[in-house]
Amino acid sequence: MWFIRDGCGIVFAVVTWFLVLYAEFVVLFVMLIPSGDYMYSAINGIVFSLLAALALASHCRAMLTDPGAVPKGNATKEFIEILQLTSGQVLYNCPKCCSIKPDRAHHCRVCKRCIRKMDHHCPWINNCVGEKNQKYFVLFTMYVALISLHSLILVVFHFMHCFEEDCSSSSATTMTLLIFLGLEALVFLIFTSAMFGTQMLSICTDETGIEQLKKEDRRWAKKTTWVNLKAVFGHPFSLGWASPFVMPDQGKADPYQHMI
Ligand SMILES: [Zn+2]
Ligand SMILES: [Zn+2]
């Protein structure tokens with residue numbers, strides 16, 4: 001199983017779970033159940049819990065999926081020479097992890113590996129975002145943005161209700177829990193929707209975060225947006241695109257992937 005042993009990343013990943021479970025607790029036990037409105041509570045409770053479960057499942061998949069690590073230590077002089085003769089390509093090696101570096105791969109100093117189509121190393125998922133786990137990362141940002149929006153709406157409704165009917169009987173603890181949830185939801189709604197937008201843009205234009213940052217020359221063929229989307233979310237288009245449980249079928253692999 002793929003798991004990065006990085007103290008800072010593990011703390012961030014635990015905090016992520018804590019924040020989602022905190023939101024779930026406040027939504028269910030502070031807002032919905034005490035509201036007394038059965039239909040309102042049931043519908044919102046089910047929708048929120050479903051989205052929160054999908055967010056946590058996406059988080060697990062993003063964290064525990066190999067992002068596209070290149071095998072370590074295969075960059076021996078003889079092996080490179082044989083491959084260059086058979087593939088006709090000039091091969092590069094990474095001196096840090098001693099691997100043959102495929103095009104568009106970058107070395108991550110946290111993962112201590114070269115990662116195919118590395119976008120960035122994300123401490124929140126304690127993993128790199130690369131070729132093989134980008135779908136799960138995008139779903140994670142999308143579901144977190146959705147639960148943040150949902151909790152924000154519920155908190156606003158709750159306070160609006162308080163203006164109509166006096167809520168002065170609510171305890172200070174309830175108020176603190178609600179205010180903290182509102183702030184958490186606002187911060188993460190902005191953060192994750194911005195991340196979701198940038199990720200979708202980089203998928204559609206087929207240019208990773210690192211390539212944009214380094215302003216790398218485009219050596220790879222330009223494809224249509226639809227083909228680029230299918231390369232990340234799987235082929236063909238289906239409901240599985242939104243599911244963290246469906247592994248994307250990325251079609252034909254890199255032509256010389258089997259060799260390294
Ligand atoms: Zn490397
Ligand atoms: Zn990394």
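User: Donors are N, O and S atoms within 2.8 Å of the metal (3.2 Å for Na, K and Ca), and water is not among the atoms, so sites may look incomplete. Which residues coordinate the zinc ion (ligand 1)?

Analyst: This is a predicted model, in which local features need pLDDT of at least 70, side-chain atom pairs count only at pLDDT 80 or more, and totals for chains, interfaces and linings use all residues. Residues are numbered from 1 along each chain as its sequence is written, chains are lettered from A and ligands numbered from 1 in the order in which they are written, and side-chain values use heavy atoms, with hydrogens and water left out. The donor residues follow the spacing C-x2-C-x9-H-x6-C in sequence. At 2.0 to 2.4 Å, the coordinating residues and atoms are C94 (SG), C97 (SG), H107 (ND1) and C114 (SG).

User: What arrangement do the four donor atoms around the zinc ion (ligand 1) form?

Analyst: Four donors count as tetrahedral if all angles lie between 85 and 135 degrees; four count as square planar and six as octahedral if opposite donors are over 155 degrees apart and all others between 65 and 115; anything else is irregular. Here the angles are 100 to 121°, so the arrangement is tetrahedral.

User: Is C94 buried or exposed?

Analyst: Buried means under 20% relative accessible area, exposed over 50%, and partly exposed in between (1.4 Å probe, protein chains only). C97, another donor of this ion, counts as buried at 5% relative accessibility. C94 has a relative accessible area of 2%, so C94 is buried.

User: Which residues coordinate the zinc ion (ligand 2)?

Analyst: The donor residues of this ion are spaced C-x2-C-x9-H-x6-C in sequence. Their atoms subtend angles of 104 to 116°, which makes the arrangement tetrahedral. At 2.1 to 2.3 Å, the coordinating residues and atoms are C108 (SG), C111 (SG), H121 (ND1) and C128 (SG).

User: How many residues apart are C111 and C128?

Analyst: Both C111 and C128 are buried. C111 is in the loop between β3 (105–108) and β4 (113–116), and C128 is in strand β6 (residues 127–129). This pair links distant parts of the chain, with a separation of 17 residues.

User: In what order do the elements of the protein chain run?

Analyst: Helices (H or I, at least four residues) and strands (E, at least two) are DSSP runs, numbered from the N terminus. The protein chain has seven helices and six strands. From the N terminus on, the order is α-α-α-β-β-β-β-β-β-α-α-α-α.

User: What is the relative direction of α1 and α2?

Analyst: Axes are lines fitted to C-alpha atoms, for helices over the stretch in contact, and angles run from 0 to 180 degrees between N-to-C directions. Angles under 35 degrees count as roughly parallel, over 145 as roughly antiparallel, 65 to 115 as roughly perpendicular and the rest as oblique. The axes of helix α1 (residues 7–35) and helix α2 (residues 38–64) come within 10 Å and cross at roughly 175°. The two helices are therefore roughly antiparallel.

User: Which residues does E24 touch, not counting residues up to four places away in sequence?

Analyst: E24 lies in helix α1 and is buried, with a relative accessible area of 17%. Contact means heavy atoms within 4.5 Å. On that basis, E24 touches F48, S49 and A52.

User: Which residues in α7 meet M200, I203 and C204 in α5?

Analyst: Helix α5 (residues 172–204) and helix α7 (residues 225–233) pack at about 115°, with their axes 8 Å apart, and are therefore roughly perpendicular to each other. The contact divides into six nonpolar, two polar and no charged residues, where Ala, Val, Leu, Ile, Met, Phe, Trp, Tyr, Cys and Pro count as nonpolar, Asp, Glu, Lys and Arg as charged, and the others, Gly among them, as polar. On the α7 side, the residues are T225, N228, L229, V232 and F233.

User: Which residues in α7 are buried?

Analyst: What covers the buried residues of α7 includes α4 (134–164) and α5. Just after the helix, G234 takes a positive phi of about 110°. The buried residues in α7 are N228, L229, K230, V232 and F233.

User: How far are the C-alpha atoms of L186 and S151 separated?

Analyst: L186 lies in helix α5 and is partly exposed, with a relative accessible area of 40%. L186 and S151 are 35 residues apart along the chain, and their C-alpha atoms are separated by 9.1 Å.
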